[in-house]
Amino acid sequence: MPEPSLLERLKQRKIIQWALAYLAGAFVVFQLLDALETPLGLTPTILRGILTVTVVGFFITLVLAWYHGEKGRQRVSGPELLMVAALLVVAGVALMMLGRDGGATRLTGPYSVAVVEDDRPSIAVLPLDNISPSPEDSWFADGVQEDITMALSRISSISVRGRSSVDQYRKTRPSIPEMAGELGVDYLLEGSGGIIGAQVRVTVQLIDGNADDHLWSEVYDRPFSMDAVTLLWSEIAQRVATEVGARVAPAEEAAIMAPRTGDLTAYRLINLARGLWTQRTAPEIREAIGLFDEAIALDPGYTDAYVGLAEACLYLGLFSEDREEAIESFERAVRSAEKALELDSNAGGAHAVIGGVEFWHKANFEGAEREFRAAISLAPDHAFAHYWYAMYLSAMARHEEAFHELSIALSLDPLTQAMAHGPAKLYFQAGEYAQAVAEGLKTAEVYPNHPPTNGWLCQSYLMLRRFEEARESCEASQSDIEGGAYLGLYYAVRGDREAALREVEEARAAGGSGGGELRYGIPSALGDIDEAIRELRDYIDVSAKPPVRIRVNPFLDPLRSDPRFIEILRDMGLEG
């Protein structure tokens, strides 16, 4: 009797039927997984693992069908065992690789906040001790610290840490190696400064951060005049550059030595203003704006005062819940930044402010990116230019670029509270909710009562359906600018419509916005599509800050197939 052909043997063992049945079953499984991905908190890594097992299982099924599909052939053969074992090994190796490359507890995700390699010598200027006899003159030591930092940042061959991080050591200081490690720098500059009669005295010493060796020190006694003070910080910056082996280009030297103002009172006012607005709370920012205005009235050509005013107005616009105040603040920010650029076309900070207004207020995405890139080109060590650009890129769903810019920002200003929630926010908007939780918890260890961090933890826990932890974080975030409606979102995700709406109304009655962007996120989470679209359109009409995050907000997923939502995305330039 002739040996049956391969096709006949496939028919006898019903290989094709088994294959089709397996594929049909796998299709149904993956349709269910797609529907249950968010409710079950399935991460991309888990889904990749399931896909790997499914593919390997397909070939195991074919092996078993081949050896057992023929009637009466029930014995397990050696080749069969070898094939199944080999396929299981392949599956095990694939899952191990996935475990190394991904996982719910992994902090790097498909995106990562990494230390940015920089071979330039790096330095941080620590807060100078105040030695002025009068406590009212403490602004001078703060001003000299700021001006030395700004002068060093104009030297492209040196990497300088931002004042926001360095100010962590104003009251208490660990050891030199600890501070150098936390700031990620090679050198630290410390000292003191004060006004003593008609003179100023500044003492500085340069320290090798790793070896804790004093490399250079100097005491400067100068007349209390603007020319003398300008020359003082210029001399210190250039001497530091020499000591760390950095080259100062002629144009950089000219920029460092250029006078910024001839008015000592104006100089005093902007240093007082800087100390206020860097606290980033609305009352202090309003007070700082008044001081910047006074400085400009005394010296209308003071570039630093216009840049400071522009930055303060941008922040007030972002923080204010009053629509008219926010709009006026954004407009003043642009006017001040443009004036700064008239006086100094290299004022990178002014471009950063304009980029912020174009993004958060005007939703002009092309204009925002152009300004952010201009700011970074002119001032590559401007940490907040990189940070704001990262926020823009994340909202555009350009996640890999966003994490790169955030990494640069955090390398330049690693300890600032204003950026602390950045990793949690970017991971959340990239759909990496477990990573967002991990980063949020790390931030919460340092800033346990930080409302923005608690807000991102709240939302991330909700996406993972970890409701007990979500409620705790939602309650802790109630003082955030979202108007105290995070609990409303919590109840909405849990399907408790009455409680969700009650929280929103209570937030509005307390004077909040009813949740800011959560106004439309809550009805969306409840499945009230018409109400969510109505609230979204109303928010766009009345808010001074358009909803630039809607492309990456997962609570709006129920709206994404609605033609009205697609039209909103198209109108905002966010479609695609």
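Predicted model: local features only at pLDDT ≥ 70, side-chain atom pairs only at ≥ 80, totals over all residues.

Trainee: What makes Cys458 and Cys474 a disulfide?

Mentor: A disulfide is a pair of cysteine sulfur atoms within 2.5 Å. The sulfur atoms of Cys458 and Cys474 are 2.1 Å apart, and they form a disulfide. The count by this rule is one disulfide. The pair links distant parts of the chain, with Cys458 in helix H20 (residues 451-464) and Cys474 in helix H21 (residues 467-476), 16 residues apart. Helices (H or I, at least four residues) and strands (E, at least two) are DSSP runs, numbered from the N terminus.

Trainee: Why is the disulfide of Cys458 and Cys474 called right-handed?

Mentor: The torsion about its S-S bond is about 70°, so the disulfide is right-handed.

Trainee: Why does Cys313 count as buried?

Mentor: Buried means under 20% relative accessible area, exposed over 50%, and partly exposed in between (1.4 Å probe, protein chains only). Cys313 has 1% relative accessibility, so Cys313 counts as buried. Cys458 and Cys474 are buried too.

Trainee: How do you know that the length of helix H17 (residues 399-412) agrees with what it should span?

Mentor: The expected span of a helix is 1.5 Å times one less than its number of residues. For the 14 residues of H17 that gives 20 Å, and its end C-alpha atoms are 20 Å apart, so the two agree. H17 is also mostly covered, with eleven of its 14 residues buried; among them are His399, Phe403 and Glu405.

Trainee: And why is H14 called largely enclosed?

Mentor: Because 13 of the 13 residues of H14 are buried.

Trainee: What makes S4 and S5 a pair of strands?

Mentor: Two strands pair if DSSP finds at least two bridges between them. S4 and strand S5 (residues 199-208) have ten bridges, in the antiparallel sense.

Trainee: Why are Trp139 and Phe140 called edge-to-face?

Mentor: Rings of Phe, Tyr and Trp (its six-membered ring) pair if their centres lie within 6.5 Å; planes under 30 degrees apart count as stacked, over 60 as edge-to-face and the rest as tilted. By this rule there are 22 aromatic pairs. The ring centres of Trp139 and Phe140 are 6.0 Å apart and their planes are at 85°, so the pair is edge-to-face. Phe428 and Trp456, in contrast, form a tilted pair, 5.5 Å centre to centre with 50° between the planes.

Trainee: What makes Arg494 a charge over the ring of Phe467?

Mentor: The rule asks for NZ of Lys or CZ of Arg within 6 Å of the ring centre and within 35 degrees of the ring normal. The charged end of Arg494 sits over the ring of Phe467, 4.3 Å from its centre.

Key: Residues numbered from 1 in each chain as written. Heavy atoms only, no water.
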